[in-house]
Amino acid sequence: MKKGLFITFEGADGCGKTTQINLLKEYLENQGYEVVLTREPGAKGLGEKVREILLNYDGVVSDRCESFLFLADRAQNIDIIVNPAVAAGKIVLCDRHIDSTVAYQGFGRGLDRKRIKMLNDIATNGRKPDLTIVFDIDVETSMKRVGKEKDRMESAGIEFHNRVRNGYLEIAKEEPERIKVVNAAASIDVVFENVKTIFHKTLQK
Ligand code: TMP
């Protein structure tokens, strides 16, 4: 039976990862792969409701509550979408996953990273991505890309987003085998060439 793959796309808001994930999906489908696209927060179904709360709720949300909502969405995504698709030999491309919680709630909000990693492990039941691509970009450029209309997370401020960016770079250093960093300030075509190269290297492993 064909082996499935689980690939996650990570990076700051406005880093261009959603454009890249769609390009990779199209590229892989043209090569005959069966691809499933999902995202966190906001996987199809219940996840969409959780995303709505996380990004648009305008009352007070405690940092721990925020973390648990992301984690609940993650458990649902893994159980209902990711695991069945990978078991069926498909390639799952996921827009954000475990490293977002370490970067945003850990480095960004300042929650204990060891505990976040433990909670991630519970939410995913121990499954880890086969490959993670981090799209790295300076905060000034990424915030320009986001524009004036910001959601709850995007409105968290420049210092928060700097911590998130540096957090991703730290995380990538900790797991160089799984996590590859791409310069997301380059043009869409150049970034995508890098994404393809990284994908094919993973496939050869
Ligand atoms: P998106 O706009 O890339 O879909 O991401 C939604 C926002 O949620 C983005 O600002 C990052 C944030 N986020 C976290 O803070 N923690 C998480 O665990 C996840 C998955 C996303």
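## A salt bridge to start with

Let's begin with a pair of side chains: Asp95 and Lys17 meet in a salt bridge, with 2.7 Å from N to O. Asp95 belongs to strand β3 (residues 91-95) and Lys17 to helix α1 (residues 17-30), so this pair ties together parts that are 78 residues apart in sequence. Searching the whole structure turns up 15 salt bridges. Keep in mind that this is a predicted model.

## Who touches the ligand?

Lys17 shows up again at the ligand: an N or O atom in the side chain of Lys17 is 2.8 Å from an oxygen atom of the ligand. Arg96 also points a polar side-chain atom at a ligand oxygen, at 2.7 Å. Gln105 pairs up with a nitrogen atom of the ligand instead, its polar side-chain atom lying 2.8 Å away.

How much of the ligand does the protein bury? On its own the ligand exposes 480 Å², and the protein buries 94% of that.

## The pocket and its shell

Where does the ligand sit? You'll find the ligand in the largest pocket.

Methods. Residues numbered from 1 in each chain as written. Predicted model: local features only at pLDDT ≥ 70, side-chain atom pairs only at ≥ 80, totals over all residues. Heavy atoms only, no water. Polar contact = N/O pair within 3.5 Å; in protein donor to acceptor, adjacent residues only side chain to side chain. Areas by Shrake-Rupley, 256 points an atom, 1.4 Å probe, with all protein chains shown as cover. 1 Å grid on protein atoms, 1.4 Å probe; cavity = no way out; pocket = protein on both sides within 12 Å on 5 of 7 lines; lining within 4 Å. Sits in = over half its atoms within 2 Å of the grid points. Salt bridge = Lys/Arg side-chain N within 4 Å of Asp/Glu carboxyl O. Helix = DSSP H or I, 4+ residues; strand = E, 2+ residues; numbered from the N terminus.
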